[in-house]
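Please examine the model shown below with its sequence at hand.

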2 protein chains.
Amino acid sequence: MPSARTSPSFETPEYLVRIARTRAAMAEAGLDAIVVSDPSNMGWLTGYDGWSFYVHQAAVLTMEGEPLWWGRGMDRAGALRTAFMEEDRLFGYADSYVQNPDAHPMEDLARLLASHGLERARIGVELDNYYYSAKADAVLRKALPEARWEDATGLVNWQRAVKSELEIVYMRRAAAIVEAMHARILELAEPGMAKNELVAEIFATGIRGADGHWGDYPAIVPMAPSGLDATAPHLTWDDTPLRPNEATFFEIAGAHRRYHCPQSRTLFFGRPPDHYRAAEAAVGEATEAALAAIRPGALCEDVARAFNAALRKAGFEKDSRAGYSIGLSYPPDWGERTMSLRAGDRTVLEPGMAFHFMPALWLEDGGIEITEPVLVTGTGCERLTGTPGNIYVK
Amino acid sequence: MPSARTSPSFETPEYLVRIARTRAAMAEAGLDAIVVSDPSNMGWLTGYDGWSFYVHQAAVLTMEGEPLWWGRGMDRAGALRTAFMEEDRLFGYADSYVQNPDAHPMEDLARLLASHGLERARIGVELDNYYYSAKADAVLRKALPEARWEDATGLVNWQRAVKSELEIVYMRRAAAIVEAMHARILELAEPGMAKNELVAEIFATGIRGADGHWGDYPAIVPMAPSGLDATAPHLTWDDTPLRPNEATFFEIAGAHRRYHCPQSRTLFFGRPPDHYRAAEAAVGEATEAALAAIRPGALCEDVARAFNAALRKAGFEKDSRAGYSIGLSYPPDWGERTMSLRAGDRTVLEPGMAFHFMPALWLEDGGIEITEPVLVTGTGCERLTGTPGNIYVK
């Protein structure tokens, strides 16, 4: 038996259900095997949890038996401690393959696949994932010239869309954590405070956790731009002091056992200008309209349509998507990279799906982010946090 | 003129020097242009700094003129705030390309390259990088069938190996930050303390900074495994309490303006067992031997040889590399992915290179990590921190 960690996130039967669901999708796609490089997908299928995705690694799932874990030799010990499989399903490659232009780890994976009878198999690979490089793909194809390769990008991600009961428990814990993080921001932020001092407190609050549940690292660091920097959505921080009469938005997430609950809020010291108040009111109305459209059977694009109609009525436009699916995640993205709340996404909503509804507006002189993590219920939609939905004014 | 951030990390002339150095390497490789997807390379060439690398983006450098920044439309505002180039060199793509299986951002990049006369150019791409997926490569090649594609993985990374004076200033600030982080661990850690509580303090200390210099986010979160979890190098944390008679190692980095100074230490509550003390002594002696071998003109593998000979003499073996190049970095890796201190790496050491000398030993029942960030000087090697080099015993 593998030596488990003190407290595994899920028991083996939950992984077996996930694997069965994934195999059904593989059968439908006509695949004999998939090579899963996305750490979120690896973790969801096997339990493996380690910051080792900066080297090539994968889970391999065929139509029978436990998945294989494959990665750097030294990380096999981490797989032994975190993945549910038996020790003989864990394979490590030699350290000389690490970041060495003369030897690619995929040569080793090709041998492993061949030794499992997959030389001529139809194999799915995640072609558009951070952790499956163009070179990895080329080396693997060259080493197994008789295999047939298919694009399986998103195949596992889509199986993750509807959450289990325990996954929802973890997302609620993450929600309590992000609530605590926003409460701490409101408590501590003062004009003159250096931005990094505030971000240090946000980070620490998130990792301490809430309601007795520990905080995991978020897949994206806190984003907290002020003033003109807040016209840009993804800037991080420096030590510039918070200033009176300036908006700062905080795009942050609570995380527990790799499950994320993102939520953004905007803070203003002083009296917000009228166009901020107008944007706040527009976002509030459009959010109500959008969340009212979330129910089982509705389409992702229905939610976007309700949102955009209400926003337009209030005199604003938003040309980016109004939200995305959330759940288990690793850097660099806390989204699941499947459903988007935008025109053209005709995915049918089901109970147990979770979204970050993300009606951010970037203005000429700053940004307004007042966002809602939500769960699709049996009859409609539930907000995962009770964070107040207005601009924080101090 | 672009509106700069409050305090840019480098003035434009430093970027021009970097670009000239990169163009010399491009000329040697016979390239007309490079598409740079690695955020560390993008930042080093242009100053661009944002957590937007979860969508496709790149800097494009040809043999003339300022680089082009290309990315998601909403992130163009961030490029305007952080990159040194004029506004007309910044190009954003429509949001409908984001995570949409029916439309790939590389179709947009192909049009941009063509509009700059590169349809038949010889173009280098970073084939083995996290942020250049197999799909991105396939779409780009298909859209520009007459271009000639070359593997430029590492081309920019190698130009980063020797640091400028100001880069060294930033690395020294990062070194002061990691020293402060280790001092805080020694001050706070107690048996019974939940691991996540300690990690929250480590993170906050790193972001607060040291000596009046703010802390940036590290490219890897703090790794802090205890006991049997410490037999694995890359596990993160949960809320398990620190226990008496158990070792915990802390693999952490200080960061300032994206420059990293990693350093690891091991903590033991109680009297460390004899085999820990033996490993500590072996690592100490082998570290002295290795650092004595670091000087301009020596090869990377000379350092590894000196280290391994001393380690073997003390009765230990290490089969993974003993260190790697460090500097500017973004997640998921704080290494530069060029030089490794291991057999076969015949790179000649030069003044201004920086390494994380990383003589970690993973034992049957735990791990010992006592590591040293170092700078190659005109005559030898300088330790970047004064952190004590023994097992912390409390």
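The model is predicted: local features need pLDDT of at least 70, side-chain atom pairs count only at pLDDT 80 or more, and totals for chains, interfaces and linings use all residues. Residues are numbered from 1 along each chain as its sequence is written, chains are lettered from A and ligands numbered from 1 in the order in which they are written, and side-chain values use heavy atoms, with hydrogens and water left out.

The interface comes first. The size of an interface is often given as the accessible area lost when the parts come together. Here chain B and chain A bury about 6,400 Å² between them, 55% of it on carbon and sulfur atoms; buried area is the accessible area (1.4 Å probe) that two parts lose on being put together, summed over both. Within chain B, the residues that lose the most area to chain A are B:Trp51, B:Tyr54 and B:His234, which together make up 11% of what that side buries. In terms of contact (heavy atoms within 4.5 Å), 71 residues from chain B and 71 residues from chain A take part.

Polar interactions also cross this interface. Between chain B and chain A there are 42 residue pairs in polar contact, both residues at pLDDT 80 or more. A polar contact is a pair of N or O atoms within 3.5 Å; within protein, one must be able to donate a hydrogen and the other to accept it, and residues adjacent in sequence count only if both atoms are side-chain atoms. Helices (H or I, at least four residues) and strands (E, at least two) are DSSP runs, numbered from the N terminus. On the side of chain B that touches chain A, helix H3 (76-82), helix H5 (134-143) and helix H8 (195-208) of chain B each supply at least two residues. H8(B) gives the most, with nine residues. By class, that side of chain B has 30 nonpolar, 19 polar and 22 charged residues, where Ala, Val, Leu, Ile, Met, Phe, Trp, Tyr, Cys and Pro count as nonpolar, Asp, Glu, Lys and Arg as charged, and the others, Gly among them, as polar.

Helix H1 (residues 12-28) of chain A has 17 residues, which should span 24 Å at 1.5 Å a residue, and its end C-alpha atoms are 25 Å apart, which agrees; the expected span is 1.5 Å times one less than the number of residues. Among the buried residues of H1(A) are A:Tyr15, A:Ile19, A:Thr22 and A:Met26, buried meaning under 20% relative accessible area, exposed over 50%, and partly exposed in between (1.4 Å probe, protein chains only). An α-helix has 3.6 residues a turn, so residues three or four places apart point the same way. The buried residues of H1(A) pack against several elements of chain A, including strand S1 (33-36), helix H2 (39-46) and helix H7 (165-188). Just after H1(A), A:Gly30 takes a positive phi of about 70 degrees.

Helix H10 (residues 300-313) of chain B has 14 residues and reaches 21 Å from its first C-alpha to its last, close to the 20 Å expected. Its buried residues include B:Val303, B:Phe307 and B:Leu311, and the buried residues of H10(B) pack against helix H9 (274-293), strand S10 (335-340), strand S11 (354-357) and strand S12 (361-363) of chain B. Just after H10(B), B:Gly315 takes a positive phi of about 90 degrees.

Charged pairs complete the account. A salt bridge is a side-chain nitrogen of Lys or Arg within 4 Å of a carboxyl oxygen of Asp or Glu, and the count over all chains is 60. One of them joins the side chains of A:Arg346 and A:Glu301 (2.8 Å, N to O). A:Arg346 lies in the loop between strand S10 (335-340) and strand S11 (354-357) of chain A and A:Glu301 in helix H10 (residues 300-313) of chain A, so the pair ties together parts 45 residues apart in sequence. A:Arg346 is exposed, with a relative accessible area of 56%, whereas A:Glu301 is buried, at 11%.

Between chain B and chain A the count is six salt bridges, including that of A:Glu201 with B:Arg208 (3.0 Å, N to O).
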